[in-house]
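Please walk through this model with the structure open beside the text.

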Amino acid sequence: MSPLALVLYEKLLPGSQIMNRLQDLGWRVQTVAEAGVLTEQAARETPMVVLVDLLDQRGDVCAAITRLKKNPGTEHVPVIAFGESESAQQAARLAGATLVVNETAILSHLPQLLDQALAQF
């Protein structure tokens with residue numbers, strides 16, 4: 001069975017592009033409807049990696065990363081956070097994101113970023 005990636009995104013682009021790219025790389029992909037359900041969905045679905053858009057109008061993504069990383073059932077799951085805001089990137093690092101990159105980097109270097117995140121797994 002193909003590995004599973006959970007993707008939480010606000011903006012259609014690059015979110016849909018990331019999902020398509022993951023599928024092209026042989027991953028199964030599920031979207032996360034909102035930041036507040038990230039930990040529960042990750043615990044239930046057991047993904048290999050979680051990708052989160054740092055721009056989130058409906059919830060606090062960094063709080064969701066913190067909950068994911070503090071939950072014994074999901075703390076091992078690598079998180080790749082992406083966004084343009086320096087302050088959001090810094091907050092994601094502090095929340096426990098495995099990798100934090102800008103939108104251009106995630107689209108251009110997704111295979112390498114996945115390898116790097118999973119190597120820290």
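The model is predicted.

Start with helix α3, residues 61–70. Its N-terminal end is capped by Asp60. A side-chain oxygen of Asp60 lies 3.1 Å from the backbone nitrogen of Cys62.

Which residues of α3 are buried? They are Val61, Cys62, Ala64, Ile65 and Leu68. Viewed down the axis of α3, these buried residues fall within an arc of 155°, so they line one face of the helix. An α-helix has 3.6 residues a turn, so residues three or four places apart point the same way.

Several elements cover the buried residues of α3. They include the strands β1 (4–8), β3 (49–53) and β4 (79–82). Helices α2 (38–45) and α4 are also among them.

Now turn to α4, which spans residues 86–95 and holds Ala88. Is Ala88 buried or exposed? Ala88 has 18% relative accessibility. The cut-off for buried is under 20%, so Ala88 counts as buried. Leaving aside residues up to four places away in sequence, Ala88 touches Leu54 and Cys62. Cys62 is one of the buried residues of α3. Ala88 and Leu8 are 80 residues apart in sequence, yet their C-alpha atoms are 15 Å apart in space.

Last comes the helix pair. Two packed helices are described by the angle between their axes and the distance between the axes. The axes of α1 (residues 12–24) and α6 (residues 110–119) come within 11 Å and cross at roughly 75°. That makes α1 roughly perpendicular to α6. From α1, the contact uses Ile18, Arg21 and Leu22. From α6, it uses Leu110, Pro111 and Leu114. Five of the contact residues are nonpolar, none is polar and one is charged.

Terms used. Residues are numbered from 1 along each chain as its sequence is written. This is a predicted model: local features need pLDDT of at least 70, side-chain atom pairs count only at pLDDT 80 or more; totals for chains, interfaces and linings use all residues. Side-chain values use heavy atoms; hydrogens and water are left out. Helices (H or I, at least four residues) and strands (E, at least two) are DSSP runs, numbered from the N terminus. Buried means under 20% relative accessible area, exposed over 50%, partly exposed in between (1.4 Å probe, protein chains only). Contact means heavy atoms within 4.5 Å. Axes are lines fitted to C-alpha atoms, for helices over the stretch in contact, and angles run from 0 to 180 degrees between N-to-C directions. Angles under 35 degrees count as roughly parallel, over 145 as roughly antiparallel, 65 to 115 as roughly perpendicular and the rest as oblique. Ala, Val, Leu, Ile, Met, Phe, Trp, Tyr, Cys and Pro count as nonpolar, Asp, Glu, Lys and Arg as charged, and the others, Gly among them, as polar. The arc is that of the directions from the helix axis to the C-beta atoms. A polar contact is a pair of N or O atoms within 3.5 Å; within protein, one must be able to donate a hydrogen and the other to accept it, and residues adjacent in sequence count only if both atoms are side-chain atoms.
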